[in-house]
Amino acid sequence: MSGCCHICPKICLDISKRYIAGKELKDAINVTIRLNACHFKATMDLLGELKTQTEDVQFYKEEYLRLIDESVKYGLDNSFSVKPTMFGLLLDKDFCYEAIREILVRAVSYNRFIRIDMEDSQCTDLEIDLYKKLLNEFPHHVGLVLQAYLKRTLRDLEDLLAFNRGRGF
């Protein structure tokens, strides 16, 4: 729904066009309505990452809250995914946690699910820690996407399974 962050926006759009509903919220809603009509559930997200200005984080947080509200308004069958660097993970991990927590609170109020997307390897530990913290508070409404191609992913998965077993999952 917006351009990419550090790659030329035209190149990024060309590569990802088949996965992106469009540039506007109405585009995402229309595509999701069509997918739902075919009995597919959708995942919605906003494009953008590596935000380092608090104003950007605030903007994206408000956009996610609006995305959630509009999805419910239209009765869509969907979940949401977030990239923690969009919410300042590399700027201030507590600031990032608070922003994503606020999004989760809204999602939970509608019984919706949020996935935390895994980003590059410098973020892996921070994102796993963020996920665990949010999982403690929202055990049935938050998930984590792991990168299959990282050498450490199997170990991370084993650690997460142990973490979840300890919680009764």
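Trainee: What share of the residues in the protein is buried?
Mentor: Buried residues come to 41% of the 169 in the protein. Keep in mind that this is a predicted model.

Trainee: Let's pick a strand. Is E2 mostly covered or mostly open?
Mentor: Mostly covered: E2 spans residues 78-82, and five of its five residues are buried.

Trainee: Which way do its side chains point?
Mentor: Asn78, Phe80 and Val82 point one way from E2, while Ser79 and Ser81 point the other way. In a regular strand, side chains alternate between the two faces of the sheet. Here the residues on both sides of E2 are buried.

Trainee: Which strands does E2 pair with?
Mentor: One is E1, residues 42-44, which runs parallel to E2 and is joined to it by three bridges. In that pairing, Thr43 stands opposite Ser79. Another is E3, residues 114-116, also paired with E2 in the parallel sense over three bridges. There, Phe80 stands opposite Ile114.

Trainee: How does the chain get from E2 to E3?
Mentor: Through helix H4, residues 93-109, and this β-α-β crossover is right-handed.

Trainee: Switching to charges. How many salt bridges does the structure hold?
Mentor: Nine. As a general point, side chains of opposite charge can pair when their charged atoms come close. One of the bridges is between Glu102 and Lys61, with their closest N and O atoms 2.8 Å apart. That pair links distant parts of the chain, since Glu102 is in H4 and Lys61 is in helix H3 (residues 54-73), 41 residues apart.

Trainee: Is Lys61 buried or exposed?
Mentor: Lys61 is buried, because its relative accessible area is 9%, under the 20% cut-off. Glu102 has 34% relative accessibility, so Glu102 counts as partly exposed.

Trainee: What does Arg106 form a salt bridge with?
Mentor: With Asp69, and the closest N and O atoms are 2.7 Å apart. This pair also links H4 to H3: Arg106 sits in H4 and Asp69 in H3, 37 residues apart. Arg106 is partly exposed at 27% relative accessible area, and Asp69 counts as partly exposed at 24%.

Trainee: What about Lys83, which side chain does it meet?
Mentor: The side chain of Asp117, in a salt bridge of 3.5 Å, N to O. Those two come from loops: Asp117 from the one between E3 and H5, Lys83 from the one between E2 and H4, 34 residues apart. Asp117 is buried, with a relative accessible area of 12%, whereas Lys83 is partly exposed at 21%.

Trainee: Which buried residue has no salt bridge?
Mentor: Glu127 is one: the nearest side chain of opposite charge is Lys83, 7.6 Å away. Glu127 is in helix H5, residues 124-137.

Trainee: So what does Glu127 touch?
Mentor: Leaving out residues up to four places away in sequence, Glu127 touches Pro84, Leu89, Asp117, Met118, Glu119 and Leu144.

Trainee: Where does Arg152 lie?
Mentor: In the loop between strand E4 (142-144) and helix H6 (153-165). Arg152 is linked with Asp125 and Asp156 in a network of salt bridges. Apart from residues up to four places away in sequence, Arg152 touches Thr124, Asp125 and Ile128.

Trainee: Why does Arg152 count as buried?
Mentor: Because its relative accessibility is 19%, and buried means under 20%.

Trainee: Last topic, the backbone. Which residues have a positive phi although they are not glycine?
Mentor: Among them are His39, with a phi of about 70°, and Asn111, at about 60°. In general, most residues other than glycine have a negative phi.

Trainee: Where are those two?
Mentor: In loops: His39 lies between helix H2 (25-37) and E1, and Asn111 between H4 and E3. His39 counts as exposed at 75% relative accessibility, and Asn111 is exposed with a relative accessible area of 60%.

Notes: Residues are numbered from 1 along each chain as its sequence is written. This is a predicted model: local features need pLDDT of at least 70, side-chain atom pairs count only at pLDDT 80 or more; totals for chains, interfaces and linings use all residues. Side-chain values use heavy atoms; hydrogens and water are left out. Buried means under 20% relative accessible area, exposed over 50%, partly exposed in between (1.4 Å probe, protein chains only). Helices (H or I, at least four residues) and strands (E, at least two) are DSSP runs, numbered from the N terminus. Two strands pair if DSSP finds at least two bridges between them. A crossover is right-handed if, with the strands pointing away from the viewer, the path from the first strand over the helix to the second runs clockwise. Lys and Arg count as positive and Asp and Glu as negative; His and the chain ends are not counted. A salt bridge is a side-chain nitrogen of Lys or Arg within 4 Å of a carboxyl oxygen of Asp or Glu. Contact means heavy atoms within 4.5 Å.
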